[in-house]
Amino acid sequence: MNILEIENLTARHGLLEAVRGISLSVRKGETLALVGANGAGKTTLLRTLAGAHAVAAGHIHLKGEDVTALPSHKRVSRGIALVPEGRRMFASMTVAENLKLGAMAGRKGDWSIDKILEIFPNLQKRIHHKTGHLSGGEQQATAIGRALMSNPEILLLDEVSLGLSPLIVDRVYASLDGLIKSGTTIILVEQDLSRAMAVADRVICMLEGRIVLEGDAGALTREQVTEAYFGLHRARKGTAA
Ligand code: ATP
C-alpha cells in the first residue's frame, strides 16, 4: 500500500524552481533515501512535504487524503513529521520537555518517552539536561525522538549525520535500524552514498530539482548512483543540460 503519493510537485525559492514537477510514491514501511549534490532540491522537497515550504504546483496525498493545502501543524496531526537539517532544538528546554513538545500533536500511538529512551539509551542520563548542553549526537537523538513522539505515519529525516563525528553517526544509524525494523516509513536525505544505499530499501537521486535515478537499493550500483549524482548519465545519453 502506498502511504504517500506525490504528483508533479513544484516548489520555488523566488524565481528558482528548486523542485521541478516531481512525482513519486512511498510504500508503507519503506525506507527511501534521497541523495544528490548540494542544491539538488532534497531539503526543499522534504520541507514542502512537511508543509514548511509552499507548494507552487502539484499535489501531495497522505493515505489517500490530499494534504497539499494543509499548514505544517495540520500535516503533523495527519502524521507527517520532519526532523530538519541542523536539528533546531529548543536549547533552553530539557530533553524531556522537547520530547513532550513532540507529543502535543495529540496523535495516538505507541511512542512514549520510555520507548524513545529504549532506542536512544544515550539520552537516559541526559533526560533532565537542557538540550543546549548536549553533544551533537544527543541533540540529534532528541530531535528524532521529538518527531517520533508525534506518532508519525511517515518520518522525514534531513541529513541526520550533518556535523556529527563518524562514531556518533554510527550510533544514530544503529538506532535508526531499530526504527526501520519497527516498520516506520522513512524518507531520509543522506549525503553519504554508501550509508544511504545500506540503510534504504529504495534510493532516489535528485539533480537540479528533478529525479534522475530511482531504484531498489540492492539493485543499483554505486557507479550508477554516482553518475546520476554528478549528472554524468546525461552526458552519456547526450541529452541537453
Ligand atoms: P543541500 O545538500 O546543500 O542542503 P539540497 O539538495 O537539500 O542541498 P536545497 O537546499 O533544497 O538543496 O536547495 C535547492 C536550490 O534552492 C538550490 O539552488 C539552493 O541554492 C536554493 N535555495 C535553497 N534554500 C533557499 C533559500 N532560502 N532562498 C533562496 N534559494 C534557496
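The model is a predicted one, in which local features need pLDDT of at least 70 and side-chain atom pairs count only at pLDDT 80 or more, whereas totals for chains, interfaces and linings use all residues. Residues are numbered from 1 along each chain as its sequence is written, and side-chain values use heavy atoms, with hydrogens and water left out. The chain holds nine helices and 10 strands, where helices (H or I, at least four residues) and strands (E, at least two) are DSSP runs numbered from the N terminus. Its radius of gyration is 18 Å, close to the 18 Å that the globule rule gives for 241 residues, so the chain is as compact as a globular protein of that length; the radius is taken over C-alpha atoms, and the rule is 2.2 Å times the number of residues to the power 0.38. The C-alpha trace spans about 60 × 40 × 35 Å along its principal axes.

**The six-stranded sheet**

- Six strands form an open sheet of mixed pairing in the order β6-β7-β8-β3-β9-β10, two strands being counted as paired if DSSP finds at least two bridges between them.
- The edges are taken by β6 (80-83) and β10 (210-216), each of which has a single partner strand, so one side of each is left without a neighbour in the sheet.
- Neighbouring strands of this sheet are turned by 15 degrees against each other on average, with direction ignored.
- Within the sheet, β7 (residues 154-158) and β8 (residues 185-189) pair in the parallel sense over five bridges, and aspartate 158 has valine 189 in β8 as its bridge partner.

**The four-stranded sheet**

- Four strands form an open sheet with antiparallel pairing, in the order β2-β1-β4-β5.
- Here β2 (16-27) and β5 (65-66) stand at the edges with a single partner strand each, so one side of each is left without a neighbour in the sheet.
- Strands β1 and β2 pair in the antiparallel sense over eight bridges, and they form a hairpin with two residues between them, in whose turn glycine 14 has a positive phi of about 60 degrees.
- On its other pairing, β1 (residues 2-13) runs antiparallel to β4 (residues 57-62) over five bridges.
- Glutamate 5 stands opposite serine 25 in β2 and opposite histidine 61 in β4, while glutamate 7 stands opposite histidine 59 in β4.

- Helix α1 (residues 42-50) packs on the six-stranded sheet, touching β3 (31-35), β6, β7, β8 and β9 (202-207), and its direction makes about 150 degrees with that of β7; contact means heavy atoms within 4.5 Å.
- Helix α1 also lies across β1, β2 and β4 of the four-stranded sheet, running at about 115 degrees to β1.
- Helix α5 lies across β6 and β7, and runs at about 170 degrees to β6.
- For these angles, axes are lines fitted to C-alpha atoms, for helices over the stretch in contact, and values run from 0 to 180 degrees between N-to-C directions.

**Helix-helix packing**

- Helices α5 (residues 136-148) and α6 (residues 166-181) pack at an angle of about 20 degrees with their axes 9 Å apart, and are therefore roughly parallel to each other; angles under 35 degrees count as roughly parallel, over 145 as roughly antiparallel, 65 to 115 as roughly perpendicular and the rest as oblique.
- The crossing of α5 and α6 is right-handed, a term used if the near helix is turned clockwise from the far one by less than a right angle, with anticlockwise giving left-handed.
- Gly137, Gln140, Ile144 and Leu148 of α5 meet Ile168, Val172, Leu176 and Leu179 of α6.
- The residues of this contact divide into six nonpolar, two polar and no charged, where Ala, Val, Leu, Ile, Met, Phe, Trp, Tyr, Cys and Pro count as nonpolar, Asp, Glu, Lys and Arg as charged, and the others, Gly among them, as polar.
- The axes of α3 (residues 95-102) and α5 come within 6 Å and cross at roughly 30 degrees, and these helices are therefore roughly parallel as well, with a right-handed crossing.
- The contact of α3 with α5 is made by Val95, Asn98, Leu99 and Gly102 of α3 and by Thr142, Gly145 and Arg146 of α5, which by class are two nonpolar, four polar and one charged residues.
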